[in-house]
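Welcome! Here is a structure to look over, followed by some questions and answers about the words used to describe it.

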Amino acid sequence: MDTYTILAIPILISTLWLFTANLSRSSHPHFINKRICLLIAHPDDEAMFFSPTLLALTNPDTGNHVKILCLSNGNADGLGQVRERELIASAKLLGLRSQDDVLVLDSPDFIDGMDTKWNVEKIVDVLGQAFGGQLSKKKDLDADAPTATIDVLVTFDRSGVSSHPNHIALHLGAKAWLSGLMDGKEGWRCPVELHTLTSVSILRKYISFLDASTTMLLGFLAGIRASRRPKNNEGRKQALFVSDMVQWRQGQKAMTSAHKSQMRWFRWGWITFGRYMVVNDLKRQSVG
């Protein structure tokens, strides 16, 4: 391999990265002036899995108001209060407006652990209390319209990215809450869009930004297949977020500077090579 080829490789890689990052910004034009909640299970989920999403949606140009609801404080090692503070610091680095936009629960109903199964109905109760499900106060035909205090809910998909049972429970709880919100409201549009983070294979998890092109291609093919179906394909809509190099470093900083208590040796590999530090693809889920 000659010198020019060696010099060209990093240039080509950088160019491809910037191209995919810029191209991805056209895939989510409808996330404008929205009230958005990121639903996570543990402090550091927002940085390790959702930093590209948060950095995109908190951009001031979007006019969005983003909040984080974390159902446990990650107290498995007795560091619950420390991890709460770390989550707030991380959220600010990822663009949230203030610490008031971060809510962390410390409840015996949501104990952090791979061997702990969370009750879906209790998650539904939390979401109902946090974001409502009350009826509209209008005195016309809209009086029975379902309403909520958020427009978009973002969380894990049914595989939980890492197959963590707490992540999977959030998916089930979110869908159950929205199904309950729409119960008896046939003909109305659900007031909250549910978007879930797509789980990928172990190989794709560790190829960083190189997975962006794969995700784009798969999304394009899925869109073609969906367009050929006669029924509503709302659940196939995809939003792709690809961080550029500056945003990638900001996501890393959210881990290394904010979540210091969690920076064990293996997490250095994750924040360096993990695709979720660079690439997030969200799929809109149908509710019913």
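**Reading the labels**

Phe273 lies in helix α11, which spans residues 265-273. The model is a predicted one.

Q: Why is Phe273 called partly exposed?
A: Phe273 has a relative accessible area of 49%. Buried would need under 20% and exposed over 50%, so a value of 49% puts Phe273 in between, as partly exposed.

Q: Why is Thr155 called buried?
A: The relative accessible area of Thr155 is 0%. Buried means under 20%, so Thr155 qualifies. Thr155 sits in strand β4, residues 152-156.

Q: How do you know that Thr155 and Leu39 make a polar contact?
A: A polar atom of the Thr155 side chain lies 2.9 Å from the backbone oxygen of Leu39. The limit for a polar contact is 3.5 Å, and 2.9 Å is within it. Leaving aside neighbours within four places in sequence, Thr155 is also in contact with other residues, including Phe50, His171 and Leu194.

Q: Why does Gly160 count as buried?
A: Gly160 has 0% relative accessibility, and the cut-off is under 20%, so Gly160 counts as buried. Gly160 belongs to helix α6, residues 160-163. Not counting residues up to four places away in sequence, Gly160 touches His167, Ile168 and Ser199.

Q: How far apart are Gly160 and His171 in sequence and in space?
A: They are 11 residues apart in sequence and 7.7 Å apart in space, C-alpha to C-alpha.

Q: What makes a group of residues a nonpolar core, and how many residues has the largest one here?
A: Core members are buried nonpolar residues joined through side-chain atoms within 4.5 Å. The largest such core has 70 residues, and Leu71, Leu153 and Trp177 are those with the most contacts inside it. Helix α7, residues 165-181, gives the largest share of this core, 6 residues. In soluble globular proteins, nonpolar side chains tend to be buried together.

Q: Which residues does Leu71 contact?
A: Leaving aside neighbours within four places in sequence, the contacts of Leu71 include Leu39, Phe110, Trp118 and Leu170.

Q: How many residues does the protein chain have, and what share of them counts as buried?
A: The protein chain has 288 residues, and 49% of them count as buried.

Methods:
Residues numbered from 1 in each chain as written. Predicted model: local features only at pLDDT ≥ 70, side-chain atom pairs only at ≥ 80, totals over all residues. Heavy atoms only, no water. Helix = DSSP H or I, 4+ residues; strand = E, 2+ residues; numbered from the N terminus. Buried < 20%, exposed > 50% of the residue type's maximum accessible area, 1.4 Å probe, protein only. Contact = heavy atoms within 4.5 Å. Polar contact = N/O pair within 3.5 Å; in protein donor to acceptor, adjacent residues only side chain to side chain.
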